[in-house]
Amino acid sequence: MIYFYVLLLRIVAYIEGPFKMVAFAITFGLISFSSFNRVSIKSFNKISKYNFYALALVILIMFHGFIFGEVLIRDIAVLLTYWIWFVFTFTYFRDKTLNESLRFVLISFLIFNFANYLYFKLYFADQFFGINSIMASFGVFGKRIYFPLASGANIFTSQLGLNALIVLYFFKNTGKRLFYLSIYGFYIYMLVLADSRLILLLSIIFSIIFWFSLKKVLSFFKNTWWIIGLFIFGFLYVFYNTDFFDRFKRPGELSGGGAISRIEIWTIAIQVIFDDLHLLFGHGLNGFKNNILESTKETFNDQHLQTSHNFIIQNLIDFGVFGILIILMVLFKILNLIIQLKSSILTILIVMLLLVGITESIPSFYSFEPTMFFITILSIIFAQDERKNIRFITNNNILS
């Protein structure tokens with residue numbers, strides 16, 4: 001049953017109407033039961049520091065939203081979902097090896113993704129969102145589709161690429177290579193169907209990096225990360241503001257197509273950031289959507305602007321300079337833990353996730369699937385770190 005939790009949580013978010021709260025309560029109860037079943041209520045007062053920090057973070061975000069912005073019941077439900085998911089995954093991984101933990105991630109997200117694909121084939125196979133630019137670049141006609149259980153186009157596909165790397169990890173380190181190769185092909189196929197160009201490119205690049213020499217590449221990233229960031233921003237500027245890449249653009253991205261580019265979104269976001277003193281502490285959850293100028297909304301009324309499509313910019317809008325400094329400190333702490341664990345797969349997953357955050361608000365409150373994935377990987381990192389520290393203390397006691 002635990003392998004179906006990712007699918008159940010996404011279905012709850014997908015459901016509309018009065019049954020939504022009932023479904024949420026049932027699913028929340030199931031995950032809570034699974035968590036408390038692994039940690040008895042009597043010993044729950046010895047809650048791990050990581051679970052305590054996660055709960056404190058959720059409460060702080062709620063209070064911040066009430067003070068500086070507007071918090072909806074839906075927002076509280078999402079925050080509680082993230083919290084209970086962290087509690088469950090962390091308690092589940094505490095006595096699991098890295099392979100066992102990653103196998104849980106592989107199975108859980110594969111069930112969700114296959115169900116999403118099957119749902120699409122059964123009920124949405126005739127949808128048409130334009131020409132598939134990936135197929136078109138190879139001279140093949142294809143439709144660009146949108147998977148029905150996705151919370152957003154690139155938001156959904158980002159976790160496809162990340163899960164493909166986990167599949168590659170098992171392909172490289174275990175048997176049943178044909179089985180894992182077929183799953184990897186399935187994820188690449190879904191990326192092509194969704195016409196997710198950047199995620200597909202990153203998935204292939206990081207697959208090659210993971211397969212060959214991660215150590216050298218990480219050293220390169222460590223020394224040139226700011227150059228890489230500037231290169232990506234520069235590429236996006238050229239992509240959207242010149243005709244150099246017209247062959248690879250979708251019809252809506254061509255001149256006069258009406259699609260809003262990342263550059264335009266970031267320009268609007270900067271106006272929101274520097275509009276007033278909210279720069280210090282932010283606008284709270286949904287800060288971008290709720291604080292766009294009315295004139296901007298009228299200009300892009302059919303674009304449904306929800307987020308700024310950038311991890312740093314979005315959190316700067318929501319939580320201000322003060323909040324983004326805390327977030328960056330936490331990220332550096334996480335990266336430091338990964339370095340200590342010396343795990344290639346965990347390192348490459350976090351690095352790719354943060355790179356996707358340049359063009360999407362990932363991971364964040366708004367990116368359901370990749371944020372669930374990010375929380376799961378965090379749980380593995382924290383559980384592995386806790387076990388490492390316990391072994392260290394035990395060994396010292398033995399020596400003494």
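This is a predicted model: local features need pLDDT of at least 70, side-chain atom pairs count only at pLDDT 80 or more; totals for chains, interfaces and linings use all residues.
The largest nonpolar core holds 100 residues. Trp85, Phe147, Phe206, Ile345 and Ile381 touch the most other members. Leaving aside residues up to four places away in sequence, Ile345 touches Leu98, Leu102, Leu165, Ile166, Tyr169 and Phe210. Another core, of 16 residues, lies apart from the largest one. Its members include Ile263, Ile268, Val272 and Leu316.

Ser108 is found in helix H5, which covers residues 98-123. Its relative accessible area is 1%, under the 20% cut-off, so Ser108 counts as buried. Beyond residues up to four places away in sequence, Ser108 touches Ile2, Tyr3 and Val6. The C-alpha atoms of Ser108 and Tyr5 are separated by 7.3 Å, although these residues are 103 apart along the chain.

Aromatic pairs number 36. One of them joins Phe86 and Phe382 edge-to-face, at 6.2 Å centre to centre and with 80° between the planes. Phe86 belongs to helix H4 (residues 73-93) and Phe382 to helix H17 (residues 368-399), so the pair ties together parts that are 296 residues apart in sequence. Both residues, Phe86 and Phe382, are buried. Tyr92 and Phe93 also pair edge-to-face, because their ring centres are 5.7 Å apart and their planes lie at 65°. Tyr92 and Phe93 are buried. One aromatic cluster includes Phe112, Phe114, Tyr117, Phe120 and Phe147. Phe156, Phe186, Tyr187 and Tyr189 are also among its members.

Lys172 lies over the face of Trp211, at 5.7 Å from the ring centre.

Technical notes
Residues are numbered from 1 along each chain as its sequence is written. Side-chain values use heavy atoms; hydrogens and water are left out. A nonpolar core is a set of buried Ala, Val, Leu, Ile, Met, Phe, Trp, Tyr and Cys residues joined through side-chain atoms within 4.5 Å. Buried means under 20% relative accessible area, exposed over 50%, partly exposed in between (1.4 Å probe, protein chains only). Contact means heavy atoms within 4.5 Å. Helices (H or I, at least four residues) and strands (E, at least two) are DSSP runs, numbered from the N terminus. Rings of Phe, Tyr and Trp (its six-membered ring) pair if their centres lie within 6.5 Å; planes under 30 degrees apart count as stacked, over 60 as edge-to-face and the rest as tilted. A charge sits over a ring if NZ of Lys or CZ of Arg is within 6 Å of the ring centre and within 35 degrees of the ring normal.
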